[in-house]
Amino acid sequence: MNKAFTREQDDEQEDDLPAEQRLPSSGKNYITPQGWQRLKDELYQLVNRERPEVVQVVNWAASNGDRSENGDYLYGKRRLREIDRRIRFLTRRLEAAEVVDPELREATDQIFFSATVEILRGDGTEQTLSIVGVDEIDLARGRISWISPIARTLIKAREGDTVYFRGPDGDEEIEVLAVRYERLA
């Protein structure tokens, strides 16, 4: 069969993502305003800058003749598929996004999405965690997904509460020291 009539499986499925980046079955994609803007900026960059540049290179390479041994053409087509796949992914994520602004939340000492929480871990170390969307995870900055096990343990707890977290290292007692809702840098 001619290659022109076969369809490549290039749709990025949720199953292809690491577990911490998959959306829950409810399909909700809670995200902070900063995370939403970052995804939107990436989509704009791909659609308005990178994709047109790659299309231009592919058109130039195609005009050179034999495409089967044309590295610019082959690489360009592959890169174009990668860009289109990422554009589809970002579009789906932005369509499913529910933006939650921590600065607009009423003052409460209870933990919900977008909270910044100071905790005292079982080993005596203090840690600050921010509960963010699955597309905003940054463990080095203490940003954890709202669907992560530790976030699920903390959600609905209040300042001063002690919660029990069953992690990979065993059971751990965590004390909630402070809860605040602030803009994430």
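1. Which residue in E5 does Val132 stand opposite? Val132 stands opposite Ser145. Helices (H or I, at least four residues) and strands (E, at least two) are DSSP runs, numbered from the N terminus.

2. This is a predicted model: local features need pLDDT of at least 70, side-chain atom pairs count only at pLDDT 80 or more, and totals for chains, interfaces and linings use all residues. Residues are numbered from 1 along each chain as its sequence is written, and side-chain values use heavy atoms, without hydrogens and water.

3. E4 and E5 run parallel, joined by three bridges. Two strands pair if DSSP finds at least two bridges between them. E3 and E4 pair in the antiparallel sense over five bridges. Leu120 has Glu126 in E4 as its bridge partner.

4. E3 and E4 form a hairpin, with five residues between them. Gly124 in the turn has a positive phi of about 95 degrees.

5. Gly122 lies in the loop between strand E3 (116-120) and E4. Gly122 counts as exposed because its relative accessibility is 55%; exposed means over 50% relative accessible area (1.4 Å probe, protein chains only). Leaving aside neighbours within four places in sequence, Gly122 is in contact (heavy atoms within 4.5 Å) with Glu172 and Glu173. Gly122 and Asp171 are 49 residues apart in sequence and 9.1 Å apart in space, C-alpha to C-alpha.

How values were computed: Buried < 20%, exposed > 50% of the residue type's maximum accessible area, 1.4 Å probe, protein only.
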